[in-house]
Amino acid sequence: MQTIYARLEKGMDSFIRVSNTLRRKEFEVTGMNLQVVPSQPGRHEMHIQLQATHPETADRAMRQLAKLIDVTGIQLIKED
């Protein structure tokens with residue numbers, strides 16, 4: 001399992017855009033979590049858990065997310 005962290009500029013709209021992108025690209029998403037950043041109203045952070053079928057799964061997903069304008073700070077935070 002791999003976990004990716006990302007900051008979202010537009011909250012739920014960005015969350016839906018991310019989930020649709022990952023679904024379209026056929027990633028095996030096992031969980032998604034959206035939270036408000038307490039110190040920055042209007043900003044959200046997201047954790048995405050992916051089933052790691054290949055070592056480069058998270059890298060591919062992160063490259064896809066980087067193409068989205070309102071998604072920033074993308075990083076791999078956990079790899080099992």
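A residue is called buried when its relative accessible area is under 20%, exposed when that area is over 50%, and partly exposed in between, with a 1.4 Å probe and protein chains only. The structure is a predicted model, in which local features need a pLDDT of at least 70 and side-chain atom pairs count only at pLDDT 80 or more, whereas totals for chains, interfaces and linings use all residues. Residues are numbered from 1 along each chain as its sequence is written, and side-chain values use heavy atoms, with hydrogens and water left out.

The structure holds 2 salt bridges, a salt bridge being a side-chain nitrogen of Lys or Arg within 4 Å of a carboxyl oxygen of Asp or Glu. In one of them, Glu9 is paired with Arg43, and the closest N and O atoms are 3.2 Å apart. Because Glu9 lies in the loop between β1 and α1 and Arg43 in the loop between β2 and β3, this pair ties together parts that are 34 residues apart in sequence; helices (H or I, at least four residues) and strands (E, at least two) are here DSSP runs, numbered from the N terminus. Arg43 counts as partly exposed, at 30% relative accessibility, and Glu9 is likewise partly exposed, with a relative accessible area of 28%. A salt bridge is also formed by Arg17 and Asp70, with the closest N and O atoms 2.4 Å apart. That pair links distant parts of the chain, since Arg17 belongs to helix α1 and Asp70 to the loop between α2 and β4, 53 residues apart. Arg17 is partly exposed, with a relative accessible area of 35%, while Asp70, at 6% relative accessibility, counts as buried.

For helix α1, the 13 residues should span 18 Å at 1.5 Å a residue, and the end C-alpha atoms are 18 Å apart, which agrees; the expected span is taken as 1.5 Å times one less than the number of residues. The buried residues of α1 are Ser14, Phe15, Val18, Thr21 and Leu22. Seen down the helix axis, these buried residues fall within an arc of 130°, so they line one face of α1, the arc being that of the directions from the helix axis to the C-beta atoms. The cover over the buried residues includes β1 (2-8), β2, β3, α2 (57-66) and β4 (71-79), where contact means heavy atoms within 4.5 Å. Arg23 and Arg24, on the other side of α1, are exposed.

Just after α1, Glu26 takes a positive phi of about 65°, although Glu26 is not a glycine. Most residues other than glycine have a negative phi. Glu26 is placed in the loop between α1 (12-24) and β2 (29-36) and, at 69% relative accessibility, counts as exposed.

Glu45, in strand β3 (residues 44-50), is buried yet has no salt bridge, and the nearest side chain of opposite charge, that of Arg7, is 7.4 Å away; Lys and Arg count as positive and Asp and Glu as negative, with His and the chain ends not counted. The side chains of Glu45 and Tyr5 are joined by a polar contact of 3.2 Å, a polar contact being a pair of N or O atoms within 3.5 Å, of which, within protein, one must be able to donate a hydrogen and the other to accept it, and residues adjacent in sequence count only if both atoms are side-chain atoms.
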